[in-house]
Amino acid sequence: MNKRLVLLAAATACFSAISAKVRLPHIIGNDMVIQQNTEVRLWGWAAAGRTVSVTTSWSSETVQTTTASDGRWLVKVHSPQASYTPLSITFDDGEPLTLTGILSGEVWVCAGQSNMEMPVKGFGNCPVEDHNAVVLDARLHQGIRSVKIPSIMSMTPQVDADCSWRVCSPATVGEFSATGYFFARQIENALQIPVGLIEANKGGSRVESWLTKENLERYTTDPTDSLAIVARWPQYDYHRSLLWGNGTFNPILNYTVKGILFYQGCSNVGDPGNQYSEHLKLLVEQWRSQFALGQIPFYFVQIAPFESGDVNGDWNARLQEQQFRAQQIIPNSSLVCTNDLVYPYEKSQIHPAQKRQVGERLAWTALHRDYGMEQVWYKSPSYKDMTIRGDSVFIHLQDEYGAMNRFEAINGFELAGQDRVFHPARAQHYWKPGGGYWNEAILITSPDVPQPVAVRYCFRNFQLGNVKNGAGLPLFPFRTDNW
């Protein structure tokens, strides 16, 4: 690892030694997508004290700046409305450099661990559903572009990454993040504008893997010294704190983006109390501060049911509970439920195949919240309250969109009495004419629990329910106890 860090430091140092043609970070390149209708940041390196001029194909204005003593420079240019018309940008410090094939559209970051990293072509023994259909359809979506930031570790924040933008086609789509691509395809279909994806993620990473040294030292017990980090995670380098944020995420922080999509959590299963939700909130605050673009949207995915060593355990469910709490304490955030996106035979599959629905649910969230399509329903139903009457429990939900998907044969509910032992329960739609609060609910009973005190829904490592709302979105797993 030390050799890699030395090479990275040397590569970074060479930028300040540039004495001729302007140098750009790799993420600013041909075929990139820039965020529409905003002040887009462009930056790079040149000889110290040199004037850098930036001109664009969509404006007659020239923006100039003088490089700092270390050769760095940064300018802002106003981007045009989204369009499929190719654009160009010329950078000139005495020797011009022109980028071409640029599109203006919507730019989203795809962050997290392996379920976000998982490409359309899948991983070994982890396929993505409908691969061939996606490949054949890709020719219709050349307005979707992505750039994959190499997953590398660094003890110091890196300012560049060896990457390039790729245009969607049957030949390239297999490499795109599956979740990201399905998100982008839905956005493009709905809005008819280009979409850019910045893929900055690492399989197996913890939420702490992306925190800065300052945040780790102030808010966690994770080590920040290189030897201590390696000693803590000698084999599982993907669990290491600090290093992945420095090496894989820091290079994108100057880029102007719309928002962040996040799919992570499996590596934090087992965290105590509210640690995960608090650390995730901290990470979002950190990223928003680093991007300096305000309270940009943060939309994330609840981890799917997974046996996690014991089908009937609940540590996977407790992490899901922490993710649900996180959306309540993180401003401008929203959580996608995936309880229905795992097949019964996938209980030991950490990478479920149904990625299209995940990406589309993220897209529905953005279309409703950010693009003015309020007729698009995006919320999953969640627990609201309960009342116990004798041996019966009446449950009310919120965000139903006026309907439940089924009135009987409802799966996933369990009841417990004072002994705190949960038993499978019978659940059915309860309705009486006349309207009013008590005239519609979910009625839950169990012959094994004559005096119920608590209800759980799909609160096990691997338990699939079937309750959905009028939008066909699944009920979030929940518990009414705090045992």
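The legends below describe close-up views of a predicted model.

**View 1. Helix 4 and helix 10 cross obliquely.** The axes of helix 4, residues 178-191, and helix 10, residues 355-370, come within 7 Å and cross at roughly 45 degrees, and the two helices are therefore oblique to each other. From helix 4, the residues Ala178, Thr179, Phe182, Phe183, Arg185, Gln186, Ile187, Ala190 and Leu191 take part in the contact. Their counterparts in helix 10 are Lys355, Arg356, Val358, Gly359, Glu360, Leu362, Ala363, Trp364, Ala366 and Leu367.

**View 2. Helix 8 packs against helix 9.** Helix 8, made of residues 275-291, and helix 9, made of residues 315-329, pack at an angle of about 40 degrees, and their axes are 8 Å apart. Angles under 35 degrees would count as roughly parallel, and helix 8 and helix 9 are therefore classed as oblique to each other. The crossing of these two helices is right-handed. On the side of helix 8 the contact is made by Gln275, Tyr276, Ser277, Glu278, Leu280 and Lys281, and on the side of helix 9 by Leu319, Gln322, Gln323, Arg325, Ala326 and Ile329.

View 3. Thr224 has a relative accessible area of 13%, and because the limit for a buried residue is under 20%, Thr224 counts as buried. The side chain of Thr224 makes a polar contact of 2.8 Å with the side chain of Glu217. When residues up to four places away in sequence are left aside, Thr224 touches Met155, Lys213, Leu216, Glu217, Ile229 and Leu242.

View 4. Strand 8, residues 144-148, is mostly covered, with four of its five residues buried. With strand 10, residues 195-201, strand 8 pairs in the parallel sense over five bridges, and in this pairing Lys148 has Glu199 of strand 10 as its bridge partner. With strand 9, residues 165-167, the pairing of strand 8 is antiparallel and extends over three bridges, and here Ser146 stands opposite Arg166 in strand 9.

**View 5. An open antiparallel sheet has the strand order 14-15-19-18.** Four strands form this sheet, and their pairing is antiparallel. Strand 14, residues 382-389, and strand 18, residues 426-431, stand at the edges with a single partner strand each, so one side of each is left without a neighbour in the sheet. Neighbouring strands of the sheet are turned by 30 degrees against each other on average, with direction ignored. Seven bridges join strand 14 to strand 15, and Ser382 stands opposite Gln398 in strand 15. Strand 14 and strand 15 form a hairpin with two residues between them, and Gly390 in the turn has a positive phi of about 65 degrees. On to the next pair in the order: strand 15, residues 392-398, is joined to strand 19, residues 440-445, by three antiparallel bridges, and Val393 has Ile444 of strand 19 as its bridge partner.

**View 6. A second open sheet has the strand order 17-16-20-21.** This sheet also has four strands and antiparallel pairing. Its edge strands are strand 17, residues 422-424, and strand 21, each of which pairs on one side only. Strand 16 and strand 20 pair in the antiparallel sense over four bridges, and the bridge partner of Ala416 in strand 20 is Ala454.

**View 7. Tyr401 and Cys458 have a positive phi.** Most residues other than glycine have a negative phi. In Tyr401, however, phi is near 55 degrees, and in Cys458 phi is near 50 degrees. Tyr401 lies in the loop between strand 15 and strand 16, the latter made of residues 413-416, and Tyr401 is partly exposed, with a relative accessible area of 24%. Cys458 is found in the loop between strand 20, residues 454-457, and strand 21, residues 478-479, where Cys458 counts as buried, at 1% relative accessibility.

Methods:
Residues are numbered from 1 along each chain as its sequence is written. This is a predicted model: local features need pLDDT of at least 70, side-chain atom pairs count only at pLDDT 80 or more; totals for chains, interfaces and linings use all residues. Side-chain values use heavy atoms; hydrogens and water are left out. Buried means under 20% relative accessible area, exposed over 50%, partly exposed in between (1.4 Å probe, protein chains only). A polar contact is a pair of N or O atoms within 3.5 Å; within protein, one must be able to donate a hydrogen and the other to accept it, and residues adjacent in sequence count only if both atoms are side-chain atoms. Contact means heavy atoms within 4.5 Å. Two strands pair if DSSP finds at least two bridges between them. Axes are lines fitted to C-alpha atoms, for helices over the stretch in contact, and angles run from 0 to 180 degrees between N-to-C directions. Angles under 35 degrees count as roughly parallel, over 145 as roughly antiparallel, 65 to 115 as roughly perpendicular and the rest as oblique. A crossing is left-handed if the near helix is turned anticlockwise from the far one by less than a right angle, and right-handed if clockwise.
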